[in-house]
Structure formats: C-alpha cells, structure tokens
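Please read it beside the sequence and the model.

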Amino acid sequence: MSDRADQVRSESVARRWITRHRPPEQSLFSGIYGLVLASALVAALDATGEKAEPGPDALWVLFTALASGAAHGYAHVIAQRASDDGAATTSRLRSVLAEWPLVAAVLPTVALLLTAAAGWWAEATAVDVALLFNTVALFGWGAWTARTAGHGWPSSCLAGGLDMLIGLVIIVANALIK
C-alpha cells in the first residue's frame, strides 16, 4: 500500500516540477521548427558532385536561422501592432528575441559542419550525423513538449515519434534526391 502512495507522491512532485519549470509554448515550437529548418538546410546544402564547403554551409545555416527567427519575431510585432497600438518598444523587442530557441536549435548542426571545416571528418559524414542528431532531437523535443502539456508517456512518445517522422522524411528525401 505504501508503494502506491510513494508512487503517487513522486508523480505529484514530478508534475509540480514540470508545471513550475515549463518553458513557454513559443520556445518549444521554435525549437522544433529550428531542428526541421537545420535538417532541411544541411540536406540541401550538401550537394553531390560539388566541392565540399562545410564552413560556408555552416554560415548559411546560421544566417538562415537568424533571418527566420527575426522574420518570425517581426511577424509577432506586426500582429501586436494590429491588435494593440500602445505596445511598448521593449515588448516588441522581446517578441523578436523570443525566437532564440529557433537559432539555438540549429547550433549543433552548425557545430558539426564547422568540425568538418576543421578537417575532423568529411562534410558528408557531418551532414549524416547532423541529420541523425536532429531526428533524435525532434523525438526528444516532441516528447518533452507533450509531457510539459500534461500528456502521459504513451501519447508523449507518440508525439515525439510524429516529430521524428519529419526528420526521417528529410533523410529519405535527401537520399532520394542525391
């Protein structure tokens, strides 16, 4: 009987911790979007038959993430202006800066490309590792998002699996297009 009470108590403590430390929904959305963006970009920039240029490719991935984050933030500013003309400039700046998870999500891909630029391995290997890492990270972000929303483990794993499916589609498309 006490085992059941201990389990309920530990689940209650875990649920309170998750609720208290839940990241904003925008952060979770931006992180998943950033991983998909990084995967699509790294797959597209790794063209077969072209000279490998992992350094410039890393810069393009980073620049595109920065531009996408700024565009998303600016879209929020425009939407706020339409609904609230009295919004302060700092509030608008916060809307743009709230897109940082999108940029942060592409940093592992950028780092892997830079290791290829340093000669640690071939760009094709760095691209394959980045695609695999991003696909696994998509599962993690999706499952984490569902758990923080209060879903149980089965539905959280399903959500993570569906997010991971996006990464797998990119990997298959990359293989078929080359």
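In which hand, left-handed or right-handed, does α5 pass α6? The crossing of α5 with α6 is right-handed, a term used when the near helix is turned clockwise from the far one by less than a right angle, anticlockwise being left-handed.

The model is a predicted one, in which local features need pLDDT of at least 70 and side-chain atom pairs count only at pLDDT 80 or more, while totals for chains, interfaces and linings use all residues. Residues are numbered from 1 along each chain as its sequence is written, and side-chain values use heavy atoms, with hydrogens and water left out.

The protein has 7 helices and 0 strands, where helices (H or I, at least four residues) and strands (E, at least two) are DSSP runs numbered from the N terminus. Of its 178 residues, 34% count as buried, that is, under 20% relative accessible area with a 1.4 Å probe and protein chains only, whereas exposed is over 50% and partly exposed lies in between.

Two helix pairs can be set side by side, with axes that are lines fitted to C-alpha atoms over the stretch in contact, and angles that run from 0 to 180 degrees between N-to-C directions.

| Helix pair | Axes come within | Crossing angle |
|---|---|---|
| α5 (residues 100–117) and α6 | 8 Å | roughly 160° |
| α6 (residues 123–148) and α7 (residues 153–177) | 7 Å | roughly 155° |

The angle between α6 and α7 makes these helices roughly antiparallel, and α5 and α6 are therefore roughly antiparallel to each other as well; the term covers angles over 145 degrees, with under 35 roughly parallel, 65 to 115 roughly perpendicular and the rest oblique. α6 also passes α7 in a right-handed crossing, and the residues of this contact divide into 12 nonpolar, 7 polar and 2 charged. Here Ala, Val, Leu, Ile, Met, Phe, Trp, Tyr, Cys and Pro count as nonpolar, Asp, Glu, Lys and Arg as charged, and the others, Gly among them, as polar.

A71 is placed in helix α3 (residues 54–83), and A71 counts as partly exposed because its relative accessibility is 44%. Although A71 and E99 are 28 residues apart in sequence, their C-alpha atoms lie 9.3 Å apart in space.

Finally, the residues lining the largest pocket divide into 4 nonpolar, no polar and 6 charged.
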